[in-house]
Amino acid sequence: MNQLFDISGKVIVVTGATGILAGGAAKYLQRNGAKVIYLGRNQERVDRAIQDAREISDDCMGLTCDVLDENGLKKGYEDVLNRFGQIDALINGAGGNMPGATIGPDKEIFDLDLDDYTKVMDLNLKGTVIPTLAFAQAFKEQKSGCVINFSSMSSTQALTRVLGYSNAKAAIDNFTRWMATEMATKYGDQVRVNAVAPGFFISKQNKALLTNQDGSFTERGQQVINKTPFRRFGKQEEIYGAIHYLVSDSSSFVTGTVLAVDGGFSSFCGV
Ligand SMILES: NC(=O)c1ccc[n+]([C@@H]2O[C@H](COP(=O)([O-])OP(=O)(O)OC[C@H]3O[C@@H](n4cnc5c(N)ncnc54)[C@H](O)[C@@H]3O)[C@@H](O)[C@H]2O)c1
């Protein structure tokens with residue numbers, strides 16, 4: 001393989017690794033020679049992910065921890081260092097929405113459930129900040145390493161309904177730039193922080209919002225397709241290349257960016 005894209009031997013922690021996008025990316029990275037730590041909050045699902053991962057190689061490890069559990073993450077950090085001796089990348093894939101934090105078609109804006117709003121903000125923002133503070137400690141010692149966050153189309157454009165999620169993802173863009181600047185200024189030009197901003201990929205969370213049981217699009221799904229020049233949703237594997245690029249040395253002068261992987265959604269005004 002081209003040296004620029006060689007990621008073999010890199011130790012990569014992936015949160016949300018039992019989910020669709022981050023889970024798929026974790027296996028992809030491992031298939032390309034990385035040592036991958038699958039972090040999820042549900043023991044059974046982590047066990048299942050590790051069972052699959054062992055079919056790729058033994059260079060994998062499961063960590064069961066909530067991304068909001070500071071102490072659990074600190075312990076996870078020690079466990080990873082004890083097993084692999086270093087950490088080269090952290091992928092903050094955990095995130096998502098919950099119904100109370102959205103304004104459904106039958107709801108008023110003023111019906112927003114503030115508890116759910118706070119939970120969604122916490123999961124998507126603090127659930128990225130806290131793991132970064134835990135695992136990027138290694139980058140300070142090593143003077144090298146990278147973080148990849150998950151942003152969204154909703155961080156820069158108003159998507160109807162999803163208020164808490166949008167607010168948190170906008171903050172992720174800001175955190176990406178802020179952390180990129182601070183880390184590089186303090187620890188040098190081999191510590192990088194970037195984000196991917198997926199367009200619309202079908203996942204467990206949005207499947208019912210975007211597609212009907214017979215596979216046809218819901219009204220919202222059709223609206224998304226209309227604003228996507230490629231006229232389709234993303235396929236899970238179409239996020240892997242962006243992550244590979246950001247983890248590898250081919251992006252050695254890239255930090256503080258939010259890379260859209262969206263079939264043109266963010267470029268197109270819809271008309
Ligand atoms: N699917 C899309 O179209 C899309 C678009 C833009 C952004 N994203 C973002 O991509 C990331 C991955 O999303 P996905 O579509 O694969 O969803 P997913 O639901 O399949 O994966 C999310 C994972 O996060 C985990 N998680 C949730 N709360 C957690 C917690 N407190 N602690 C630890 N883990 C927790 C879930 O268990 C799940 O495995 C998310 O940040 C999401 O917001 C997805």
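The accessible surface of the protein chain comes to about 13400 Å², and 51% of that area belongs to carbon and sulfur atoms; accessible areas come from the Shrake-Rupley method with a 1.4 Å probe, and for residues only the protein chains shown count as cover. The model is predicted, so local features need pLDDT of at least 70 and side-chain atom pairs count only at pLDDT 80 or more, while totals for chains, interfaces and linings use all residues. Residues are numbered from 1 along each chain as its sequence is written, and side-chain values use heavy atoms, with hydrogens and water left out.

The overall fold comes next. The protein chain holds nine helices and seven strands, taken as DSSP runs numbered from the N terminus (helices: H or I, at least four residues; strands: E, at least two). Along its principal axes, the C-alpha trace spans about 50 × 40 × 40 Å. The radius of gyration is 18 Å, which agrees with the value near 18 Å for a compact globule of 271 residues; this radius is taken over C-alpha atoms, and the globule rule is 2.2 Å times the number of residues to the power 0.38. Of the 271 residues, 48% are buried (buried means under 20% relative accessible area, exposed over 50%, and partly exposed in between, with a 1.4 Å probe and protein chains only). Among contacts between residues at least 6 apart in sequence, 71% join residues at least 24 apart, where contact means heavy atoms within 4.5 Å.

The ligand can now be visited. A shell of 27 residues surrounds the ligand, and the closest are Ile-20, Leu-21, Tyr-165, Phe-201 and Gln-205; a residue is near a molecule or strand if one of its heavy atoms lies within 4 Å of it. The shell divides into eleven nonpolar, twelve polar and four charged residues (Ala, Val, Leu, Ile, Met, Phe, Trp, Tyr, Cys and Pro count as nonpolar, Asp, Glu, Lys and Arg as charged, and the others, Gly among them, as polar). A polar backbone atom of Ile-20 lies 2.8 Å from an oxygen atom of the ligand, and a polar side-chain atom of Thr-18 lies 3.0 Å from a ligand oxygen atom. On the side chain of Arg-41, an N or O atom is 3.5 Å from a nitrogen atom of the ligand. Taken alone, the ligand exposes 820 Å², and the protein buries 93% of that.

Asp-69 is found in the loop between strand E3 (60-64) and H3, and counts as partly exposed at 33% relative accessibility. A polar atom of the Asp-69 side chain lies 2.9 Å from the backbone nitrogen of Gly-72. Asn-71 lies in H3 (residues 70-84) and is exposed, with a relative accessible area of 59%.

Strand E5 (residues 145-150) contains Asn-149, which is buried at a relative accessible area of 0%. Beyond its neighbours within four places in sequence, Asn-149 is in contact with residues including Asn-92, Thr-128, Ile-172 and Val-196. Lys-143 lies in the loop between helix H5 (137-142) and E5; its phi is near 60°, a positive value in a residue other than glycine. Arg-161, in the loop between E5 and helix H6 (163-187), has a positive phi of about 80° although it is not a glycine. Lys-143 is partly exposed at 46%, and Arg-161 is partly exposed at 28%.

Definitions and conventions. Polar contact = N/O pair within 3.5 Å; in protein donor to acceptor, adjacent residues only side chain to side chain.
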